[in-house]
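Good morning, everyone, and thank you for making the time. Please have the sequence and the structure open while I talk.

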Amino acid sequence: MRRQPETLADQTFDVLVIGGGIQGISIFHELARSGFNTALIEADDFAAGTSAYSLKVIHGGLRYLQSADLPRMRRSIRARRGFMQLAPDYIKPQGFLIPTSGLGPQHPWAMRIAFWVNDLISADRNSGLPQSSWLPRSKLMTAEALKGVFQGNEAAFATGGAAWYDGFIHDVGRVAIEMVKSGYASGGSPCNYVRADRYLIEDGTITGVVATDTESQSELTIRASLIIEATGTARPNLRASMTADLRAADQGWLKAVNLVLKRELSVDYAIGLKAKQPTEEESRYFFFAPYRGHTLFGTFYFSLPDREAPPAATAEEIRLMLAHAQSLCPDLELSADDVSMVHTGVIPATSSGPNRRLVMKTSPSIRSGAGSVGAENLIEVQSVKYTESLDVASRVAQQAAKYLNREYQSRNPEPLAASELTSALTPEAVAERAVHDEMAVHLTDLILRRTSLGELYVPQEREFRPYLDAMAAAASWDEAQIEWESERLMRHYQAMGWSASATRNR
Ligand SMILES: Cc1cc2nc3c(=O)[nH]c(=O)nc-3n(C[C@H](O)[C@H](O)[C@H](O)COP(=O)(O)OP(=O)(O)OC[C@H]3O[C@@H](n4cnc5c(N)ncnc54)[C@H](O)[C@@H]3O)c2cc1C
């Protein structure tokens, strides 16, 4: 899979997907494997934005039981199974555990009934999955059984715990790249570092986009019969370049943030805890999820008044999150030294309640048609969950087929071709594959997404140097480029609010 932006201008595609986050990638993958001549353009690297920083949970929708939203719960269960079928090498079962208590919905009997309904509704959760991906039934555990699982807040687990299983993504970058590669193998035309700047409007109809190849700064005209906008929360930027009657209504955004803690606080379960006397913001469960010897803690939401501003967490926000972790787990004596990285992304929000507080949107939206988005051949998609992106992709593909007057049958995902795991390859082999078969253009692409070396802490030079040298050889970089690429990697961490001085003490 080589990067060839100029070939995008050679033909008229059936469909052009703008935005290569997990949602755009899922739509591209689904359309390409269904025989549509599909292009995908991404302004940065594939899944470099919000999609890189999720808490990695592929939810089965247990939470929707609380609101008795059973149709959404079923959709979520199907979506979870779809992702686990698609990427069994990267998405594995993960236990989740919350304390039971003497009162309310956390009473063991209430949990027992919820789990009984959950297991009933998700009876087909494992069908078609390899045995290694099977999700066990949910269960209640005694306080005694919990000793040894989590020592951070023994008091919280005094009456026992309730445990269930969901999917957990073990390498977000590779899932995205493998999906792009699979769409390419089906005949699709993906390209990173191509930014759509404005719609091409001819005789009053959108016939494509005018885009920039940001590597060469050259302009590209890409034509397609149907355009799908899956640009996440960046959508208003693209719309601002359109004629007034196609401009979308403005909306809000929230910064979603997880802390990465250096210690693995529990081994088998992601632990969910809730403050005893919470503020409105803290009245949810916050999860401590074990991940590659570290712990992901979150998710927090902060308002982001300016979408153009980098979504980095501020020092005050990090302090607040850490204080909350400390109060939830007093026995662990967490300190600022335990934080090795902060993951942030931007999610769509809407205002709610009498004081118009911004809250995250809960449902994905798929809008199309002249009356809604101003053009018959434009579908605008905004997702709110990584988990749902395959399901949303299938619904979008149905609409695309209808518009193009073509056949489309939603099918179960087929497992992505098994690429050799990065951990089994030398830096030279990883770099060779990344540059020549995975469109890695910059060192950041290699360190953050073709490998996960830079995901949990800022890697020290001695750690990334072998990959830098290997990539320099594969991409024929000179000394100046090598230096620039390594500076660019550090600039990435600075933009995320995290600098080399925060490098893990190893
Ligand atoms: C901290 C955090 C934790 C989360 N945890 C979970 C979780 O556990 N489970 C879950 O299911 N979900 C979770 N989510 C939500 C999930 O990550 C998002 O819903 C999902 O990643 C959104 O994907 P997307 O493709 O819509 O958006 P994005 O990832 O933002 O992708 C949009 C892409 O469009 C590109 N783009 C924008 N404008 C243009 C243009 N003009 N031309 C070309 N490309 C363009 C951008 O560069 C970007 O890459 C979490 C989110 C965050 C931030």
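I will go from the overall fold to the domains, then to a pair of helices, and finally to some individual residues.

Please keep in mind throughout that this is a predicted model. The protein has 13 helices and 18 strands, and its C-alpha atoms fill a box of roughly 70 × 55 × 50 Å when that box is taken along the principal axes. How does the radius of gyration of the protein compare with that of a compact globule? For 506 residues a compact globule would have a value near 23 Å, and the protein has 23 Å, so the two agree. Buried residues account for 47% of the 506 residues. If we take the contacts between residues at least 6 apart in sequence, 70% of them join residues that are at least 24 apart.

Let me turn to the domains. The domain assignment gives domain 1, made of residues 5-51, 173-249 and 362-404, and domain 2, which covers 422-502. The centres of domain 1 and domain 2, taken over C-alpha atoms, are separated by 27 Å. Where they meet, 11 residues of domain 1 are in contact with 9 residues of domain 2, and the side contributed by domain 1 divides into 5 nonpolar, 2 polar and 4 charged residues.

Next, a pair of helices. In general, two packed helices are described by the angle between their axes and by the distance between those axes. Here the pair is helix H11, residues 443-450, and helix H13, residues 479-495, whose axes come within 8 Å and cross at roughly 50°. On the H11 side the contact is made by Leu443, Thr444 and Ile447, while H13 contributes Glu485, Ser486, Arg488, Leu489 and His492. By class, this contact has 3 nonpolar, 3 polar and 2 charged residues.

Met439 is found in the loop between helix H10, residues 427-437, and helix H11, and Met439 has a positive phi of about 55° although it is not a glycine. Is Met439 buried or exposed? Met439 counts as buried, because it has 24 C-beta neighbours inside 10 Å and the cut-off is 20 or more.

Tyr193 is another non-glycine residue with a positive phi, in this case near 55°. Tyr193 lies in the loop between strand E7, residues 189-191, and strand E8, residues 194-202, and Tyr193 is buried, with 22 other C-beta atoms within 10 Å.

Thr299 is found in strand E14, which spans residues 294-303.

Finally, Ile91, which lies in strand E4, residues 91-99. Ile91 is buried, with 23 other C-beta atoms within 10 Å. Leaving aside its neighbours within four places in sequence, Ile91 is in contact with Ile58, Phe83, Met84, Gly167, Phe168 and Ile169. The C-alpha atom of Ile91 is separated by 25 Å from that of Leu443, which is 352 residues away along the chain, and Leu443 is one of the H11 residues that make the contact with H13.

How values were computed
Residues are numbered from 1 along each chain as its sequence is written. This is a predicted model: local features need pLDDT of at least 70, side-chain atom pairs count only at pLDDT 80 or more; totals for chains, interfaces and linings use all residues. Helices (H or I, at least four residues) and strands (E, at least two) are DSSP runs, numbered from the N terminus. A residue is buried if 20 or more other C-beta atoms lie within 10 Å of its own, exposed if 12 or fewer, and partly exposed in between; C-beta atoms are placed from the backbone. The radius of gyration is taken over C-alpha atoms; the globule rule is 2.2 Å times the number of residues to the power 0.38. Two residues are in contact if their C-beta atoms, placed from the backbone, lie within 7 Å. Domain bounds come from an automatic or database domain assignment. Ala, Val, Leu, Ile, Met, Phe, Trp, Tyr, Cys and Pro count as nonpolar, Asp, Glu, Lys and Arg as charged, and the others, Gly among them, as polar. Axes are lines fitted to C-alpha atoms, for helices over the stretch in contact, and angles run from 0 to 180 degrees between N-to-C directions.
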